Amino acid sequence: MDKFREAEIKYKELKEKRDKNEITKDEFIAELQKLMIKDEDGKLWALGVSSGKWHYYDGSKWIPKDPPYSAEKNIICPYCGFENPENSI
């Protein structure tokens with residue numbers, strides 16, 4: 001599975017724990033920092049704390065942008081977390 005998609009699944013799990021007060025905001029942020037990814041070009045990527053959207057660091061600020069997912073496009077089921085081919089029903 002693509003590392004960006006894995007991070008998205010983990011974000012969702014952490015967000016649910018945060019929403020249920022199972023972890024604190026500080027714990028949530030600390031866990032999100034562990035989900036940062038450095039891509040093949042050396043760009044640092046992170047999921048937004050509130051938005052859950054991807055951003056990359058340009059050296060001075062965070063820029064919202066979709067990450068460079070792997071060439072194989074799969075969709076993550078929002079209910080079970082399983083990965084399915086893009087055109088499957």
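1. A word on burial before anything else: a residue is buried under 20% relative accessible area, exposed over 50%, and partly exposed in between (1.4 Å probe, protein chains only). By that rule tryptophan 45 is buried, at 2% relative accessibility. Keep this residue in mind, as we return to it below.

2. Some background on the model. This is a predicted model, in which local features need pLDDT of at least 70 and side-chain atom pairs count only at pLDDT 80 or more, while totals for chains, interfaces and linings use all residues. Residues are numbered from 1 along each chain as its sequence is written, and side-chain values use heavy atoms, with hydrogens and water left out.

3. Now the overall layout. The protein chain has two helices and six strands, where helices (H or I, at least four residues) and strands (E, at least two) are DSSP runs, numbered from the N terminus. Along the sequence the order is α-α-β-β-β-β-β-β. Of the 89 residues in the protein chain, 27% count as buried.

4. Which residues have the most contacts inside the largest nonpolar core? They are Ala7, Leu14, Phe28, Leu32, Ile37, Trp45 and Trp54, in a core of 13 residues. A nonpolar core here is a set of buried Ala, Val, Leu, Ile, Met, Phe, Trp, Tyr and Cys residues joined through side-chain atoms within 4.5 Å. Helices α1 and α2 and strands β2 and β3 (54-57) each supply at least two residues of this core, and α1 gives the most, with four residues. As a general background, nonpolar side chains in soluble globular proteins tend to be buried together.

5. The aromatic rings deserve a look of their own. There are five aromatic pairs in the structure; rings of Phe, Tyr and Trp (its six-membered ring) pair if their centres lie within 6.5 Å, and planes under 30 degrees apart count as stacked, over 60 as edge-to-face and the rest as tilted. One of the pairs joins phenylalanine 4 to tryptophan 45 edge-to-face, at 5.9 Å centre to centre and 85° between the planes. Phenylalanine 4 lies in helix α1 (residues 3-19) and tryptophan 45 in strand β2 (residues 44-47), so this pair ties together parts that are 41 residues apart in sequence. Phenylalanine 4 is buried, with a relative accessible area of 1%.

6. Phe4, Trp45, Trp54 and Tyr56 are linked into a cluster by ring pairs. Tyrosine 56 also has a charged neighbour: the charged end of lysine 43 sits over its ring, 4.4 Å from the ring centre. To count, NZ of Lys or CZ of Arg must be within 6 Å of the ring centre and within 35 degrees of the ring normal.

7. Methionine 36, in the loop between α2 and β1 (37-38), is partly exposed at 34% relative accessibility. Tyrosine 57 is partly exposed at 33%, and tryptophan 62 is partly exposed at 36%.

8. How many salt bridges are there? The count comes to four, a salt bridge being a side-chain nitrogen of Lys or Arg within 4 Å of a carboxyl oxygen of Asp or Glu. Among them, glutamate 16 and lysine 12 meet at 3.8 Å, N to O; both lie in helix α1, four residues apart, about one turn of the helix. Lysine 34 and glutamate 31 meet at 2.9 Å, N to O, and both lie in helix α2, three residues apart, about one turn of the helix. Lysine 34 is exposed, with a relative accessible area of 60%, whereas glutamate 31 is partly exposed at 27%. Aspartate 58 and lysine 61 form another, with their closest N and O atoms 3.3 Å apart.

9. Last, a backbone detail to check. Most residues other than glycine have a negative phi, and most peptide bonds are trans. Asparagine 21 has a positive phi of about 60° although it is not a glycine. Asparagine 21 is found in the loop between α1 and α2 (25-34) and is exposed, with a relative accessible area of 62%.
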